[in-house]
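Please keep the sequence and the model side by side while you read this note.

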Amino acid sequence: MTINNQQYQIQGIPMLDIAKEFGTPVYVYDGQKILDQVESLKSAFSSANLKIKYATKALSNINILKLMKKAGTGVDAVSIEEVHLCLHVGYAPSEIMFTPNCVAFEEIQEAVGLGVMINIDNIPMLEHFGTHYGNTVPVCIRLNPHILAGGNAKISVGHIDSKFGISILQVKHVLKIVEAHTLNVIGLHIHTGSDILDADVFLKGAEILFDAAREFRDLKFLDFGGGFKVGYKEGDITTDMQDVGKKVSAAFKAFCTEYGRELEIWFEPGKFLVSECGYLLVHANVVKSTPASTFIGVDTGLNHLIRPMMYDAYHGVVNISKLDGPERVYTIVGYICETDTIAADRKIKEVKEGDILAIKNAGAYGFSMASNYNSRLRPAEVLVLDGKAHLIRKRETFEDILRHQVDLGI
Ligand SMILES: *Cc1c(COP(=O)(O)O)cnc(C)c1O
């Protein structure tokens, strides 16, 4: 988002025009920003054999997946439906990593049938896998390194009391199963959480993963998951990708020398690739003063963007209808019938009813977590590519609300 000719723009297109053409609320993604993020990750790890597996769950519109494919990334899918989406857009099975958690074995069997790489997340599943496939299907194992990392308890998944992965303390047990079933383990994986700030956390994870990796002789890759932190507020500290790249590559190279073979280093970023590209454009319906606050009520809510209420996430808000004039302090709230705060006590350019606000960092875990709560329609999605705005998902209609309901005629 840049300011030009007294207008907020994406790739030269005034954002107000996008709001006018497609209506509000609308998710808008800057395709160029996604490509830039992919490039910055690639350049940070240019000395290593890097494979990016975009975390589909962050933003799963098929056009975003196609853009990722064009940019040369693979994908990480956490459900069989995401696997099907990735296959649908043309990903080869070999480019897809399937990292499910607590799914039925049938789902794993289906994924094996589709030919994607399976990342096993618990010991009983590893035993099932061994019984069924022995050494005929290569496999990756998700380990839990027990590092407390991540910006919020709900997005911190690598700690001791987390349901994810096989405890690093159980590696000996894993090895017995691997041996008993002659499993072909070609990858080890950790994902410690989201909003991880610095190289040290990745290095700590790396050291733990290297220790485990020494026990497996046939590895082809080590997967460090996602979790890079991006900027949400002005002046926020963000992951210094060049620094992470330099330090982690060096440690990785040293390990590969010791291991005796050059392995691939995998990452599965979601937020890093798509958070900042996205804006949720909303309409100010009401400006309402109470004795304590001035609220701006907008035509969206936790049904469309649940992160503020679910993770206490900070999302910047800009009044794109007004570039100059005084700022005032507002609390921006949604239209859902429960406490639905999008942003509290924010200084933004004075808002009048009818102004359009842009909620920032709305690319990752925005639309993909949207629901029809309060029987509201989910928004449209627009992708700006090569200086043109394209509708990539139609706004829902009332028919969509009724679509799968069965009328008993009573
Ligand atoms: C969610 C998830 C990611 C992506 O996390 P970000 O914080 O968006 O980078 C990567 N890997 C796995 C297994 C995940 O579940």
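1. Val382 has Leu391 in E21 as its bridge partner. In all, 5 bridges join E20 to strand E21 (residues 388–393), and the two run antiparallel. Strands here are DSSP runs of E with at least two residues, helices are runs of H or I with at least four, and both are numbered from the N terminus. Two strands pair if DSSP finds at least two bridges between them. E20 and E21 form a hairpin with 2 residues between them. Asp386 sits in that turn, with a positive phi of about 50°.

2. **What you are looking at.** This is a predicted model, where local features need pLDDT of at least 70, side-chain atom pairs count only at pLDDT 80 or more, and totals for chains, interfaces and linings use all residues. Residues are numbered from 1 along each chain as its sequence is written, and side-chain values use heavy atoms, leaving out hydrogens and water.

3. **The other partner of E20.** Strand E4 (residues 26–30) is joined to E20 by 5 bridges, and these two run parallel. Tyr27 has Glu381 in E20 as its bridge partner. Strand E20 (residues 380–385) is mostly covered, with 5 of its 6 residues buried. Buried means under 20% relative accessible area, exposed means over 50%, and partly exposed lies in between (1.4 Å probe, protein chains only).

4. **An open sheet.** Now turn to the sheet of 3 strands in the order E1-E2-E3, which is open and has antiparallel pairing. Strand E1 (2–4) and strand E3 (13–14) stand at the edges; each has a single partner strand, so one side of each lacks a neighbour in the sheet. E1 is joined to strand E2 (residues 7–10) by 3 bridges, running antiparallel. Ile3 stands opposite Tyr8 in E2.

5. **Helix H9.** How far apart are the end C-alpha atoms of helix H9? They are 26 Å apart, which agrees with the 27 Å that its 19 residues (241–259) should span at 1.5 Å a residue. The expected span is 1.5 Å times one less than the number of residues. Several residues of H9 are buried, including Met241, Val248, Phe252 and Tyr259. The buried residues pack against helix H2 (31–44), helix H8 (199–213), strand E12 (221–223), strand E13 (264–267) and helix H10 (271–274). Contact means heavy atoms within 4.5 Å. Gly260 follows H9 and has a positive phi, near 95°.

6. The side chains of Lys247 and Asp243 meet in a salt bridge (3.3 Å, N to O). The term means a side-chain nitrogen of Lys or Arg within 4 Å of a carboxyl oxygen of Asp or Glu. Both residues lie in H9, 4 residues apart, about one turn of the helix. An α-helix has 3.6 residues a turn, so residues three or four places apart point the same way. Lys247 is partly exposed at 35% relative accessibility. Asp243 is partly exposed too, at 23%.

7. **Links across the sequence.** The count comes to 10 salt bridges. One of them joins Glu264 to Lys51, with the closest N and O atoms 3.7 Å apart. Glu264 lies in strand E13 and Lys51 in strand E5 (residues 50–55), so the pair ties together parts that are 213 residues apart in sequence. Glu215 forms a salt bridge with Lys172, where the closest N and O atoms are 3.7 Å apart. Glu215 is in the loop between H8 and E12, and Lys172 is in helix H7 (residues 171–180), 43 residues away. Glu215 counts as partly exposed at 38%, whereas Lys172 counts as exposed at 55%.

8. **A glycine in H8.** Is Gly205 buried or exposed? Gly205 is buried, with a relative accessible area of 1%. This residue is found in helix H8. Leaving aside its neighbours within four places in sequence, Gly205 is in contact with Ile147 and Ile190. Gly205 and His191 are 14 residues apart in sequence, and their C-alpha atoms are 8.8 Å apart.
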